[in-house]
Amino acid sequence: MVLKFSGSFEDLQQKLVSLGRDWDTNQPNKKVFKYNQGVMNWFESTGTISFQGKNPGKLELENKVPYLLYPQEFTLKEQEKVDDPNSLENIDSNTMSSKSADTSLERKYLTTGINEGELVIGIVSAVGTDDSKVIETLSNRLERFGYNVKKIKVSESLSKKITKNEFERIKYYMQEGDRLRLESNNNGILMTSVASKIKELRELDECENKKNVYIISSLKHPDEVGLLRKIYSDGFYLIGIHTDERRRHQYLTVEKGISQENAKELIKIDEDESVPHGQKTRDTYHLSDFFLNVGNRDDQMKNHLQRFLELIFSNPYLNPTFDEFAMFMAFNSSVRSGDLSRQVGAVISKNKQIIATGANDVPQSGGGLYWAEVDEDSGEIKDSPDGKDYTREVDSNKKTQREIITDIVDNLRKNDFSEEDLEKIEKVLQKSKISDLTEFGRVVHAEMEALLSCSRVGMPTIGTTLYCTTFPCHNCTKHIIASGVKRVVYVEPYPKSKALDFHSESIEPKSENTNKRTNDDLNHRMIFEDFTGVGPRRFLDLFSMNLGRGSKLRRKDKTTGKTVDWDKKTAPIRTPLISKSYLEIENEAINMWNEIESKSN
Ligand SMILES: [Zn+2]
């Protein structure tokens with residue numbers, strides 16, 4: 001903690017008068033107080049106080065000044081041994097030391113990186129996912145990093161429902177969440193309650209240990225993730241848990257005793273309710289930092305979680321898998337897209353080498369998609385007048401869907417339907433599957449663009465792997481099959497059934513890939529596989545030695561060339577959550593400069 005005094009110099013002198021009047025007022029930027037070989041600096045511009053000099057004066061100042069300035073907040077510590085200035089014990093056991101500038105969290109953050117910050121971990125999983133094993137494993141492993149684990153269930157924020165019927169209970173909580181999101185007109189609202197719970201748990205904690213981790217299960221709306229990221233910034237990590245539908249269905253029916261029909265209903269609601277304040281697990285899942293598949297193999301799940309944690313704690317020797325790298329590259333490809341609704345990216349690889357990229361955007365005659373171009377004369381960078389949907393001011397897909405609906409309504413009008421009925425019919429049509437049609441868009445889909453880019457340069461696509469930031473639509477899927485792609489990897493908790501249904505004879509979903517079928521049979525099928533690992537969002541943060549948002553990684557001793565040890569007890573958090581605002585951290589940086597200046601003066 002940084003000690004501050006924002007009153008006038010006269011006030012400060014008055015408050016510390018019991019320690020004497022040995023003030024040096026001739027220094028630039030600061031007033032210096034000397035006491036028994038110790039020195040106190042007061043920087044007028046920021047109000048910050050720092051201590052220097054020798055013991056016992058330094059220790060006594062660190063003990064007495066906070067108490068004299070703020071008697072309500074600080075107590076005077078017993079300092080029997082302070083008289084021995086050479087005692088190391090004195091310096092280490094100095095209870096105020098954590099409050100002195102030398103060891104302040106801000107300073108450590110600015111210099112060596114910190115390993116004591118709090119962490120907030122959110123879980124997003126579909127209804128019917130047994131996330132208890134994941135939370136259990138996370139808790140055990142985090143304790144080995146010296147962390148206190150605190151678990152928070154989002155449903156505890158909702159008013160209680162007492163019923164023995166699991167279906168009713170789950171559905172009630174879903175509806176309650178919807179109701180609060182609607183009433184508050186804020187789809188992240190449940191996380192404000194979670195934040196309050198975190199504060200409560202922190203304050204209940206009697207020990208001084210700041211190594212708390214809060215595990216929140218489970219998030220259901222993208223705005224909830226947005227809200228937690230606003231509060232906890234990069235110190236918040238989201239883990240997306242994928243479990244295939246068969247397993248979730250089984251969990252709901254067998255473990256929870258819910259009927260087949262009711263289980264299906266819950267899964268449908270959870271996936272994506274049509275209203276904005278409804279549950280949107282699909283969109284939430286896409287925002288994850290880590291993607292985890294939970295199936296039969298507990299050992300796999302545990303090893304993956306261990307790796308995620310070691311990455312969070314700056315293990316410098318963990319490198320990306322090819323799948324993680326390829327998905328990151330697919331995401332990178334997506335950001336070139338100027339699509340009005342969403343950016344999708346894809347890459348194709350052969351023998352773990354990326355051979356093509358693709359994004360969803362408008363095609364250009366001569367091949368490929370439009371890029372923004374630099375005008376050689378003016379230096380202006382602009383899009384071609386028809387090169388993007390925004391330049392035509394409308395999404396042709398949505399426009400055509402509206403035209404279809406208007407056409408149907410107009411024809412019904414000719415058949416003597418009342419205006420009142422027509423209004424109702426129009427609303428029904430707007431919510432119908434007409435809005436899922438994609439074929440009227442001008443854009444080429446990312447997967448198709450990646451395939452076509454292979455064809456433009458004469459590169460065979462037989463036996464390749466295609467990575468896509470979302471699940472391929474049924475239209476792309478048939479072309480992917482025809483092109484001979486062997487494996488498709490995507491980010492999606494709810495694979496849309498159409499592609500899988502239409503082409504069930506050609507596609508083998510990986511999660512159901514069991515030994516029931518012979519290898520020969522599998523050789524003729526294309527594998528569809530849910531992506532697992534570090535998501536594109538955190539790729540640079542966790543794998544780059546320099547470009548991550550947090551502390552830098554060091555792998556060897558510069559002089560000896562030997563690799564450095566990584567110790568989980570002292571390892572800094574890669575993107576730490578620091579309890580100070582940027583203004584306080586800025587002050588600490590100013591203090592560091594002032595100290596150097598005062599020493600060289
Ligand atoms: Zn598509």
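Met526 has its place in strand S18, which covers residues 526–530; helices (H or I, at least four residues) and strands (E, at least two) are taken here as DSSP runs, numbered from the N terminus. This is a predicted model, in which local features need pLDDT of at least 70 and side-chain atom pairs count only at pLDDT 80 or more, while totals for chains, interfaces and linings use all residues. Residues are numbered from 1 along each chain as its sequence is written.

With 19 other C-beta atoms within 10 Å, Met526 is partly exposed; a residue is buried if 20 or more other C-beta atoms lie within 10 Å of its own, exposed if 12 or fewer, and partly exposed in between, with C-beta atoms placed from the backbone. Once its neighbours within four places in sequence are left aside, Met526 is in contact with Ile481, Val485, Lys486, Arg487, Val488, Ser506 and Ile507, where contact means that the C-beta atoms of two residues, placed from the backbone, lie within 7 Å. From Met526 to Gly38 the C-alpha to C-alpha distance is 74 Å, and the two residues are 488 residues apart in sequence.

The protein as a whole has 21 helices and 19 strands, and its C-alpha atoms fill a box of roughly 95 × 70 × 55 Å, taken along the principal axes. Of its 601 residues, 36% are buried. Among the contacts with a separation of 6 or more, 65% join residues 24 or more positions apart.

The largest nonpolar core has 85 residues, and Ile123, Ile215, Leu466, Tyr467 and Cys468 have the most contacts inside it; such a core is a set of buried Ala, Val, Leu, Ile, Met, Phe, Trp, Tyr and Cys residues joined through C-beta atoms within 7 Å. Helix H13 (residues 322–334) gives the most to this core, with 6 residues. Tyr467, leaving aside its neighbours within four places in sequence, is in contact with Ala326, Met327, Ala330, Ala346, Val347 and Val489. Another core, of 13 residues, lies apart from the largest one and has Phe5, Leu16, Phe43 and Leu61 among its residues.

Helix H14 (residues 396–414) and helix H15 (residues 419–431) pack at an angle of about 155°, with their axes 10 Å apart; the axes are lines fitted to C-alpha atoms, for helices over the stretch in contact, and angles run from 0 to 180 degrees between N-to-C directions. H14 and H15 are therefore roughly antiparallel to each other, given that angles under 35 degrees count as roughly parallel, over 145 as roughly antiparallel, 65 to 115 as roughly perpendicular and the rest as oblique. In this pair, Ile405, Ile408, Val409, Leu412 and Arg413 of H14 meet Leu422, Ile425, Glu426, Leu429 and Gln430 of H15. The residues of this contact divide into 7 nonpolar, 1 polar and 2 charged, with Ala, Val, Leu, Ile, Met, Phe, Trp, Tyr, Cys and Pro counted as nonpolar, Asp, Glu, Lys and Arg as charged, and the others, Gly among them, as polar.

The axes of helix H9 (residues 245–255) and helix H10 (residues 260–271) come within 9 Å and cross at roughly 125°, and H9 and H10 are therefore oblique to each other. Their contact is made by Glu245, Arg248, His249, Leu252 and Thr253 of H9 and by Gln260, Ala263, Leu266 and Ile267 of H10; by class, these residues are 4 nonpolar, 3 polar and 2 charged.

For helix H16 (residues 446–456) and helix H17 (residues 474–482), the axes come within 9 Å and cross at roughly 25°, which makes H16 roughly parallel to H17. Here Glu447, Met448 and Leu451 of H16 meet Cys476, His479 and Ile480 of H17.

The backbone of several loops also deserves attention. Most residues other than glycine have a negative phi, and most peptide bonds are trans. The peptide bond from Asn55 to Pro56 is cis, with omega near 5°, and Pro56 is found in the loop between strand S5 (48–53) and helix H2 (57–69). The bond from Ser217 to Ser218 is likewise cis, with omega near -15°, and Ser218 is found in the loop between strand S8 (212–217) and helix H8 (222–232). Ser314, in the loop between helix H12 (298–312) and H13, has a positive phi near 60° and is buried, with 24 other C-beta atoms within 10 Å. Asp416, in the loop between H14 and H15, has a positive phi of about 65°, but counts as exposed, with 7 C-beta neighbours inside 10 Å.
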